[in-house]
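I am opening this notebook to keep track of what I look up, one topic at a time. The entries follow the order in which I went through the model.

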Amino acid sequence: MNKQVRSGSLRPRSYDSVDNSIELVWSTGAAVRRRDYRTDSIFDEVLSLAPNHVRLDRLNAGAPLLDTHDDSNLASVLGSVVPGSAKVADGLGIARVRLSEAPGDADIVSKIRDGIIRNISVGYRIHQSIVSVGDDGDTEVRTAIDWEPLEISAVPVPADAGSQIRSGSDDTMSQSGLRRATAEEMSAMGRIFWAIPMEFWPMVEGN
């Protein structure tokens, strides 16, 4: 199965200088619109936060805090989850992460500590989902009832270049001269488009 990602947030005011750690929200369970590129269908993905639906073993064993999901390079590890701190409470997935004190990580860690870098993203794998129909009576909803967070990443603010534009009106999108890359353009960039959630596809110029 391919690893998927989902946005979350840091809590700068929770920084603890004693153990150089900070608290973060790695999931809110909110529905996210996805595209299944094998069937070219649109669906809403929901990550259930019922305690028995989330496998927390990896997080609580000290899963890494990565630099933008780079799980191919040890130098990308910016910290690790404090063992036993990952939990689901009040409808949120929460964990405390101990930050790296290595000189090479100092710039990014200081931005996290100071609240300049606030966004995080969780990488996860879905083991089982159930399918239903949304409130509109039309949209397919896939609810993960057995899923596993694999790692947590510090990501840019916003998480992708198009997030502010995408949250605006269609007029704003048009006036910006930017649009989301197509599947063909992603392939031309050498990216496996069906393995990357659409919200992380780059913005390109043109209508």
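I began with a pair of charged side chains, R98 and E101, which meet in a salt bridge at 3.7 Å, N to O; I use the term for a side-chain nitrogen of Lys or Arg within 4 Å of a carboxyl oxygen of Asp or Glu. R98 is partly exposed at 44% relative accessibility, whereas E101 is exposed with 59%. My terms here are buried for under 20% relative accessible area, exposed for over 50%, and partly exposed in between, with a 1.4 Å probe and protein chains only.

Before going on I noted what I am working with: this is a predicted model, in which local features need pLDDT of at least 70 and side-chain atom pairs count only at pLDDT 80 or more, while totals for chains, interfaces and linings use all residues. Residues are numbered from 1 along each chain as its sequence is written, and side-chain values use heavy atoms, with hydrogens and water left out.

**Entry: other salt bridges**

How many salt bridges does a search of the whole structure find? I noted ten. One of them joins R55 to D146, with the closest N and O atoms 2.8 Å apart. R55 sits in the loop between β4 (41–47) and α1 (57–60) and D146 in strand β10, so this pair ties together parts that are 91 residues apart in sequence. Helices (H or I, at least four residues) and strands (E, at least two) are DSSP runs, numbered from the N terminus. I then compared the two partners: R55 is partly exposed at 36% relative accessibility, and D146 is buried at 17%.

I also looked up R142 and E140, whose side chains meet in a salt bridge of 2.5 Å, N to O. Salt bridges with shared partners join D36, R38, E140 and R142 into one network.

**Entry: strand pairing**

R98 came up again when I turned to the strands, as the bridge partner in β8 of S80. Strand β8 (residues 92–99) runs antiparallel to β6, and three bridges join them; two strands count as paired if DSSP finds at least two bridges between them. Strand β6 (residues 77–81) also pairs with strand β5 (residues 64–67), again in the antiparallel sense and over three bridges.

The side chain of E151 makes a polar contact of 2.6 Å with that of H69 and another of 2.9 Å with that of S153. A polar contact is a pair of N or O atoms within 3.5 Å; within protein, one must be able to donate a hydrogen and the other to accept it, and residues adjacent in sequence count only if both atoms are side-chain atoms. Leaving aside residues up to four places away in sequence, E151 touches K3, P64, L66, H69, S121, V122 and G123, where contact means heavy atoms within 4.5 Å.

V25 belongs to strand β2 (residues 21–27) and is buried, with a relative accessible area of 5%. V25 lies 15 residues from L10 in sequence and 6.3 Å from L10 in space, C-alpha to C-alpha.

**Entry: aromatic rings**

Which residues form one aromatic cluster? I found W26, Y124 and W147. Rings of Phe, Tyr and Trp (its six-membered ring) pair if their centres lie within 6.5 Å, and planes under 30 degrees apart count as stacked, over 60 as edge-to-face and the rest as tilted. By this rule there are two aromatic pairs. W26 and W147 are edge-to-face, at 6.0 Å centre to centre and 65° between the planes. W26 lies in strand β2 and W147 in strand β10, so the pair ties together parts that are 121 residues apart in sequence. The rings of Y124 and W147 have centres 5.7 Å apart and planes at 75°, so this pair is also edge-to-face. Y124 is buried at 0% relative accessibility, and W147 is buried at 0% as well.
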